[in-house]
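Reader: Hi! Could you walk me through this one while I have it open on my screen?
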Amino acid sequence: MKNLFSKNYWFLTPYIIFLIICVVFLMSSPKAELHIMLNKANAPFFDVFFKYTTHLGDGTVIAILAIVFLFIKYRYFFAFLLGSLSAAVAVNLFKKVFLDEMYRPSKYFELFESYQLHLIEGVKLHSLQSFPSGHTATAFSVFLMLALITKNRWGKLLLFFGAILVAYSRVYLSQHFLIDIAVGSLISVVLMLSSFWWVQNWQKSWLNKSVLTLAKSSK
């Protein structure tokens, strides 16, 4: 596991810094005040940008990437599927079983605060199941997995920023609070790293093959 961390320093180090910043902010101010502060930082360009960027956290992205990995290496396919699905299960247990009545920002401010949120036209806002953020968990599953198989350090850094942009889009669109995306990302990172490390240690040579290898051998 230590070797896995050292190889992915350029993704995991900025991620740890991001988590520390989130913890500092969350300890210094209530989540509603933090959301107001972040909500005030808006612009027409970012309204459009985050409206579409957030879809990179849709569950369909996991399905598409899983299929792509079948054509690269079975080991990647199983690692990604195990990590992303376990994160999805964990997130949904919190969202839909244990904390299913946690208010999303739009409902929270409607009931408890007098602040008028900056909202984006065409974005359907949800009311409940705020904690943690499923889109953030999906984004970190996708971008972290890509970082794990990318050797270029700058590529790993760019993938980290990709994950952060999707995560922040959930706050920008007032679908989630800061704490929701922080915990959603943490669940995903821990489970994806664990899954990748576990599958990498499976001593099965066929896992290093792919659907393309199978197709070639059948000719």
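Author: Happy to! This is a predicted model, and the structure holds one salt bridge.

Reader: Nice, which residues form that salt bridge?
Author: Lys107 pairs with Glu110, and their closest N and O atoms are 3.5 Å apart.

Reader: And where do Lys107 and Glu110 lie?
Author: Both are in helix H7, which covers residues 105-112. They sit three residues apart, about one turn of the helix.

Reader: Is Glu110 buried or exposed?
Author: Glu110 is exposed, with a relative accessible area of 57%. Lys107 is partly exposed, at 24%.

Reader: Changing topic: at what angle do H6 and H8 cross?
Author: Roughly 165°, with the axes of H6 (residues 74-98) and H8 (residues 134-148) coming within 10 Å. Angles over 145 degrees count as roughly antiparallel, so that is how H6 and H8 run relative to each other.

Reader: Which residues make the contact?
Author: From H6 you have Tyr76, Ala79, Phe80, Ser84, Ala87, Val91 and Lys95. H8 brings in Gly134, Ala137, Ser141, Val142 and Met145.

Reader: How many nonpolar, polar and charged residues does the contact of H6 with H8 have?
Author: By class, there are eight nonpolar residues, three polar ones and one charged one.

Reader: Last one: is the crossing left-handed or right-handed?
Author: Right-handed, as H6 passes H8.

Notes
Residues numbered from 1 in each chain as written. Predicted model: local features only at pLDDT ≥ 70, side-chain atom pairs only at ≥ 80, totals over all residues. Heavy atoms only, no water. Axes fitted to C-alpha atoms, helices over the stretch in contact; angles between N-to-C directions. Helix = DSSP H or I, 4+ residues; strand = E, 2+ residues; numbered from the N terminus. Parallel < 35°, antiparallel > 145°, perpendicular 65-115°, else oblique. Left-handed = near helix turned anticlockwise from the far one by under 90°. Contact = heavy atoms within 4.5 Å. Nonpolar A, V, L, I, M, F, W, Y, C, P; charged D, E, K, R; others polar. Salt bridge = Lys/Arg side-chain N within 4 Å of Asp/Glu carboxyl O. Buried < 20%, exposed > 50% of the residue type's maximum accessible area, 1.4 Å probe, protein only.
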